[in-house]
Amino acid sequence: MTDEVSQSYSDTKLLRISLTNQTVKQQELTPELFTYYLGGRGLGVKLVYDQVIPAVSPLAPENLLVFAIGPLTASAAPTGGRVAVITKSPLTGTIFDSNCGGHFGPQLRRAGFAALVLQGRAKSPTYLWINDRDVEFRSAKDVWGQEVSPSTDYLLDETNAKAQVACIGPGGENRVHLASIMNDKHRAAGRGGVGAVMGAKHLKAIVIHGTKQISINDPEKLDVVVNRTRRLIKKDSITNNSLPVYGTAVLVNLINEYGMLPTHNFQEGTFNDAEGVSGEKLLERFFTKRYHCFGCPIGCGRISQVQGTEIGGPEYETIWALGPQCGINDLEWITTANHRCNELGLDTISVGSTIGCAMELVQKGYLQSTHEFGNTAELLNLIDDIAHARGLGKELGQGSKDLATRYNAPQLAMQVKGLEMPAYDPRGVQGHALAYATSNRGGCHLRAYLIGPEILGSPVLVDRDRVEGKAGLVILFQNLSAAMDSLVLCRFTTFAFGVEDYADLLSAATSLTISGKEFLKIGERIWTLERLFNIREGFSAKDDCLPPRFSTPLPEGGSRNRVSHLEEMLPDYYRLRGWDETGQPTKSCLKQLNL
Amino acid sequence: MSLTVEELVKFIDHTRLKPETKRAKILELCEEALAYEFATVCINPVHVEYATDLLKNSSVDVCVVVGFPLGATLSEVKAFEVKQAVQKGATEVDMVINIGALKDKNYDLVQSDIEAVVSAADDAIVKVILETGFLIDEEKQKACLICKDAGAHFVKTSTGFGPMGATPYDVQLMRETVGPDMGVKAAGGIRSFKDALRMIDAGANRLGTSSGVAIVEGFRWAGYSDTFLEPDKPCWTCPSRQASLGKQPKEVYLWYKQRCVTCPHRDQNVFND
């Protein structure tokens, strides 16, 4: 790896924004930051690690909120339109990066910024208007309290119709721990309560319009690599067929077949009415057109229509969370509820999963309420109440861990480190179970998507029941994901690309000549730094765990009789990471990573 | 097994045999074959001139299928089809054996059918597709010996349109039957680099697949984790798992399932994943 730094990417700046003082300051993106952390998630993690004081309250002004793009953002690289949002999460207390599609990222890069580093708290509701490198603090009093679509429309009217808006809804304004940040009205930096951090800073929105041409280190070389990688996307059946035709909802029937579609708050792994909430049914009933994020040849996004209302989504995870997780088989209702979550600025996964948790609390007699499994009555109102922190909704808005603990049944919260687990029962996929448990941001399927090799056969099918070798595989995908999130490219490219393809794209776009193994090393550094942050915040090996439910066998379906064997894999995982048995990175590990 | 990408590509017949194939797909197939330097492109005869033109002066050969996919045409027709294909540029020919005659034990007819094609093929390489999914082991072995006697250069497992794809079990059986000097081509259902490596390990020296690009690209992942190459559950690759009463004659289906009765891995056959 050469130390030479791309002039193209390093001429973007870090923009430090004090909301308290309404001041901005531009800083160089140093060679060290670029070569060791690239951009996006890596850059944000490094900034938050270095500049957030330990044990800070996530909703305090001192917490940082970073929006970061990467060296491939706005380039011709496939899916180079994403932006990473990094902060300390109010939901988990861990470091947190939430990744968002849409079109916001490219505008940020074209405005000349590698990252917006937000600190402090505005005295009153504010939005930022960034017009290339001009930054204005504007009053958001006219949109504070408004939902996402009217807010977006208003802000575009007030600024420039060609701008992009990242905003919060009532969920973020009310500092709900499940609040997301929305772009393009229905693309979300959804998880971890990043919207609450924004709301706590009294920041309603960032509106950005960037017009500069980005420069690429070697355009001809990039053309070659882009053509190759686009061809790979066209050759892969997942990226060329399944995702464009059905969206991510293609997974509903498949995961149900495997007996891993969590149902009734993970009490079962098969949902009798899966067909009715499947991607196939979505295509037949509500689909109107595909949605492409910037630079994406896949187009997995859905635009649906329900009773005359155009709705973005729903995604697989959303269908599951608001559907089978709650015992609900009404796809029309799920699509509508998805829309309400988008408008209110709420994370559909955590909202659905927390409602499912509440329903099991009701089922088991811990909580008195009419919200029973399968019952949609008053559920849209409950979602509204979550966003506005009212009544029972206020309790749900703190997430399932808090809710279940409050009602003396912490074992009923299906979460890791406070983050609700997504739509794959870990009992049916041992590697994925390890990925959940060791994820630095809590129960997440995207830190290492082992569903690829364990279920989808991408890049090759491995035995989902084996525990041997899974630690190494999880580490490979965790490192790759961390590096990829720092470019910033979409996770779905891994179905089609190999490790070298990411390195080749990076090498062509910048002058950082890099191999696949060196690219993974950057990912490892980012991953380890996230771990260090969490350790500093009091997390330890005891937090690398799964809810006790996953030690009891699934009763039926394609994963019947299976349990998670996490304890057999964790020692291997720590050893291969170069960590000690308590999950702490060793000195030699840190030295090797220049940490 | 230590195998480089450069070696792996030379095992692959980059294949496109779907009936709806348009010229644009043949162009794409040939471009990929050139880029990856596969052994051949394997196509239906209607595309032979176009592919030959696209691949001229390259190391990639043109392979056409004959009597495909049923093998039930007259020997004269197969011979004519081969002659035409070779004249138009094919250097390899994959013919389908007369399966019905083989099942009838009419071995003379089976052999003369192959000999007609070998003769018409001139210097072109002839591979004979057995369509193993219709056969029991004894028939596969007999077919291999007939192919060898008839002067064919390869025996090949399947068309990809029949009841079963290639399995390491069949490839190994065929290799043991024909010996080291004759070719064995595995085809049908080879979609990943692990499938490919299994077949090579079992004795195949040519692979027919429409997933050549995915196999080569996927193979690069093997350098990052040994877990990708861990052995599978035995049933995953066993032909008895692929057996289907809906696609196979009843006696063949039952022959495959009977193998399960004495299989040492029977206890592991719990889930179908």
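The dialogue below reads sheets, helix packing and a nonpolar core in a predicted model.

Colleague: Which conventions apply here?

Modeller: Residues are numbered from 1 along each chain as its sequence is written, and chains are lettered from A and ligands numbered from 1 in the order in which they are written. As the model is predicted, local features need pLDDT of at least 70 and side-chain atom pairs count only at pLDDT 80 or more, while totals for chains, interfaces and linings use all residues.

Colleague: In what order do the strands β13, β14 and β15 of chain A form a sheet?

Modeller: Strands of a sheet pair through backbone hydrogen bonds, either parallel or antiparallel. Helices (H or I, at least four residues) and strands (E, at least two) are DSSP runs numbered from the N terminus, and two strands pair if DSSP finds at least two bridges between them. Here the order is β13-β14-β15 in chain A, an open sheet with antiparallel pairing. From one strand to the next the twist averages 25°. Between β13(A) and β14 (residues 301-306) of chain A there are 4 bridges; A:Lys289 has A:Ile303 in β14(A) as its bridge partner.

Colleague: Which strands does helix α13 of chain A touch?

Modeller: Contact means C-beta atoms, placed from the backbone, within 7 Å. Angles run from 0 to 180 degrees between N-to-C directions, with axes fitted to C-alpha atoms, for helices over the stretch in contact. Helix α13 (residues 331-344) touches β14 and β15 of chain A, and its direction makes about 75° with that of β15(A).

Colleague: How many strands are in the closed barrel of chain B?

Modeller: The barrel has 8 strands, β1 to β8 of chain B, with parallel pairing. Strands β2 (residues 40-43) and β3 (residues 61-66) of chain B pair over 4 bridges, with B:Val41 opposite B:Val62 in β3(B). Helix α2 (residues 23-36) of chain B lies across β1 (12-16) and β2 of chain B, at about 165° to β1(B).

Colleague: Which residues of the largest nonpolar core touch the most other members?

Modeller: A residue is buried if 20 or more other C-beta atoms lie within 10 Å of its own, exposed if 12 or fewer, and partly exposed in between. A nonpolar core is a set of buried Ala, Val, Leu, Ile, Met, Phe, Trp, Tyr and Cys residues joined through C-beta atoms within 7 Å. Of its 275 residues, A:Val66, B:Val41, B:Val93, B:Val117 and B:Val128 touch the most other members. The largest share, 10 residues, comes from α20(A).

Technical notes:
Two residues are in contact if their C-beta atoms, placed from the backbone, lie within 7 Å.
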